[in-house]
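Please read the points below beside the coordinates. They take up a pocket, a helix pair and a few backbone details in turn.

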Amino acid sequence: MVEGLVSTIIPVYNRPAQLREAVASVLEQDWRPVEIIIVDDGSTDDTAEAARELARMNPGMVRAVSQANAGPGPARQHGMSLARGEFIQYLDSDDVLLPGKFTAQVKALQGDLQADVAYGMTRYRHSDGSIVPGPWKGSGVARATMFPSFLLERWWDTPTPLYRRRVCERAGPWTDLRLEEDWEYDCRIAALGTRLAWCDLYVCEVRDHEGDRLCRAPARDAARLRERSRSHALILAHARRAGIAADSPEMQHFARALFLLARQCGAAGLSVESRTLFYLARGASTGGRAAGLDYRAYRVAAALVGWGGAGRASEWFDRLRNTP
């Protein structure tokens, strides 16, 4: 480990032009030393060559490696295995860092030795170029910890935080999830009781665009729901390990989200995932809520018509209720 070094890990798949912009935003940081590790995740265009060109143009600062396509989690972990920095920055290839990010966040961590993650405000840019006014999601609020609020939503984006290396090593490797892998990873870090340091400035820009994105797929896509089922089950386990109270509003919110996802999986024909999530949701619910009419009715429906049939029936009733 090199003290003070910020290692930026950029997984990329078929985005040569955006990759150049992402790398430039790191090189333009006023903090030194930095290193950039580009992990080409089996691109089928000229992205790998663009990565190698960036490495040739910035010797000693940019490194480019390739792997067979495995998804963003394994690509980030590949980069992590090569990183030498005291601080770790994950950056998606379609986003950029804003000036002063590293200086502010490194100094925040150096000023609070108990904090292992520093974050600031996220700026969001639509595909038409317009910018959402104000901080994106909940990144404009200073918080001491990630849990329990991370059960409501992941209120920052992948490039927002800067991690101490030690907390990444304690959390363990990225999973092979291709969706919500970043939420699961951060909840694993949250379960360690990680303290946060907040910086009152915009630190990154997350950009929507018309290109391929893993998060862009029909909501009822079976492969997408299967990944979300895995991630939600893991996040619940992390929350329980962190000791979040079962009757807390955040845990009850997540229990409802599990039940909704169980119904969606059933409607998509994912009976095993639907059944698993149903029992996780009911187990995470408290008191009379766990024995509520909706849980009892859904379990009876599943016994009569199967978990898939219960999911489809639930969707039909939802549409009926929402019809004026």
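1. Helix α11 gives the largest share of the lining of the second largest pocket, 10 residues, where helices (H or I, at least four residues) and strands (E, at least two) are DSSP runs numbered from the N terminus. The elements that contribute two or more residues to this lining are α8 (249-267) and α11 (293-322). The model is a predicted one, in which local features need pLDDT of at least 70 and side-chain atom pairs count only at pLDDT 80 or more, while totals for chains, interfaces and linings use all residues. Residues are numbered from 1 along each chain as its sequence is written, and side-chain values use heavy atoms, with hydrogens and water left out.

2. The volume of the second largest pocket is about 260 Å³, a volume being the space filled by probe spheres set on the grid points, which are joined across faces, edges and corners. A pocket is here an open set of points, on a 1 Å grid over the protein atoms alone and for a 1.4 Å probe, with protein on both sides within 12 Å along at least five of seven lines, and lining residues have an atom within 4 Å of a point. Among the lining residues are F259, R263, D294, Y298, F317, D318 and R321. By class the lining divides into 7 nonpolar, 1 polar and 4 charged residues (Ala, Val, Leu, Ile, Met, Phe, Trp, Tyr, Cys and Pro count as nonpolar, Asp, Glu, Lys and Arg as charged, and the others, Gly among them, as polar).

3. The axes of helix α6 (residues 181-190) and helix α7 (residues 222-241) come within 9 Å and cross at roughly 10°, which makes α6 roughly parallel to α7 (angles under 35 degrees count as roughly parallel). Axes are lines fitted to C-alpha atoms, for helices over the stretch in contact, and angles run from 0 to 180 degrees between N-to-C directions. On the α6 side W183, E184, C187 and R188 meet H232, L234, I235, H238 and R241 of α7, contact meaning heavy atoms within 4.5 Å. This contact has 4 nonpolar, 2 polar and 3 charged residues.

4. Two peptide bonds deserve a look. The bond from R32 to P33 is cis, with omega near 10°, and P33 is placed in the loop between α1 (16-27) and β2 (34-41). The bond from F147 to P148 is also cis, with omega near 5°, and P148 is found in the loop between β6 (115-125) and β7 (162-164).

5. K137, although not a glycine, has a positive phi of about 55°, and E180, likewise not a glycine, has one of about 60°. K137 is partly exposed, with a relative accessible area of 37%, whereas E180 is buried at 16% (buried means under 20% relative accessible area, exposed over 50%, partly exposed in between, with a 1.4 Å probe and protein chains only).

Key
Angles under 35 degrees count as roughly parallel, over 145 as roughly antiparallel, 65 to 115 as roughly perpendicular and the rest as oblique.
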